[in-house]
Amino acid sequence: FQLSAFNFRLMTLTPEQKTIGRRNFLKALVGTPALAALGTTVALKGPLAGGPVKAAMIGTGDEGRLLLGQCRKEFIDLRALCDINPKRLERAVDGLAKNGWPKPRLYENWKDVLTKEDVEAILIATPLWTHSDITVGCLDAGKHVLCEKMMAWDVPSAQRMLAASTRNRRVLEIGYQRFYNPMYQAAYLNIIAPGVLGDVYFARLVWHRNGSWRRNEEAPPSPFDPKPWGYPDWEHLLNWRMYRRYSGGLMAELGSHQVAVANWFFHSQPASVYASGGIYRYKDGREVNDHVYATFNYPEGRTATFTSIQSNKFDHYSEQYLGTKGTLILQGETEAFLFNEEEAKATTIEVTKQSSNPVMDASESRSADAAGRTIDGARGEKMDRVAAYGLEIAGFCSAVRTGAPLRCGPERALKSATACILANESASQKSVLPLPS
């Protein structure tokens, strides 16, 4: 067939183009352990020397329950759950029971967990504005911490977290699961690090959706009251992501994932950022922008742009690295395409039969706990989209038990948080802001 120039601006790859992109990605992995890891659900090996890490979780909302669903008994011993919302605690307990876990002890106040439970580690999945206080409190109590992203609401709070980890000699990991995703690891080790793409001057980071981001849920029955926990009413607790006092909006909740990877792949961090955006579509009382556009300028002439919109989902979400020799597209955390520059020219390319090597094939949209599917349906092999969360938890527990290095770590997470926090400030001030070196 005649292959015209690829349109990398929009994710409109034809099935034939996807086949070529998958095939090229696999060729770059031939003979490496990463190839096998992509084919099946990643095996989590255990138990660890010293036994599972005794742990509690603070925050059992959607992200918390996703993490709970990826906990493995070989690595972690879940002894307690904490949440100010009794309905979410109940759902979390039900989920654990379905996976064969004994019922954990339940708490409303996270400080009670530290004084009443014999645990070594804490998993934190609470709203962004609470990350620093809870994390520092847990580290100062001698606990290791795995805290969900973004690191903190502001830069000084993130720096407090890093300082507390160092001061107390405790492990602190931040929940950027892409660092534990075999596809991202394979892309870095076999494509980015060896320079397969040539000189990469531009990365395009996209996270587009068509929806309000607003949640609708009935409040727990009386006497539940969110005021003692810093929320004036149920709306502010339920939709905390919409309010600046609790959230960094799209830049923090979505963009920080992709900026963290850009820092990793560029072996650097932004020197400056310019961002714009606004509340263009949803005039519903929210305080964070529903459209965000940011340009991050890196040393050595490199640039990454991030766009997140809530008015169109055609592009969905992807990361694209465009080099002098090729283009790498990481789409939806489950699918990778590699294109040589010569293939972007109009030429005749024979599409070979799909190989038997399974590669993840993402649907346009997938719920957080759904499995990915491979291009080889006959073999029936699948790779779970959220396997990276399980690897993240296993890696955290390994770091606690053996001192194994973290794949992200608080230093990297601080750089990503700083870039995203200053991007929000840039949008507010309508000016270019330098980032600390």
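Me: What covers the buried residues of α3?
Reply: In this predicted model, the cover includes β2 (53–58), β3, α4 (86–98), β6 (144–148) and α11 (387–402). Residues are numbered from 1 along each chain as its sequence is written, and side-chain values use heavy atoms, without hydrogens and water. Local features need pLDDT of at least 70 and side-chain atom pairs pLDDT 80 or more, while totals for chains, interfaces and linings use all residues.

Me: Which residues of α3 are buried?
Reply: In helix α3 (residues 62–69) they are G64, L66, L67 and L68. Buried means under 20% relative accessible area, with a 1.4 Å probe and protein chains only. Helices (H or I, at least four residues) and strands (E, at least two) are DSSP runs, numbered from the N terminus.

Me: Moving to β3, is I76 buried or exposed?
Reply: I76, in strand β3 (residues 76–82), is buried, with a relative accessible area of 2%.

Me: What does I76 touch?
Reply: Leaving aside residues up to four places away in sequence, I76 touches P52, V53, A55, C71, W101, L123, I393 and C397; contact means heavy atoms within 4.5 Å. I76 and A55 are 21 residues apart in sequence and 6.6 Å apart in space, C-alpha to C-alpha.

Me: New topic: at what angle do α6 and α7 pack?
Reply: Helix α6 (residues 131–140) and helix α7 (residues 155–168) pack at about 10 degrees, with their axes 9 Å apart. They are therefore roughly parallel to each other, a term for angles under 35 degrees.

Me: Which residues of α6 make the contact?
Reply: On α6 they are H131, S132, D133, T135, V136, L139 and D140.

Terms used
Buried < 20%, exposed > 50% of the residue type's maximum accessible area, 1.4 Å probe, protein only. Axes fitted to C-alpha atoms, helices over the stretch in contact; angles between N-to-C directions. Parallel < 35°, antiparallel > 145°, perpendicular 65-115°, else oblique.
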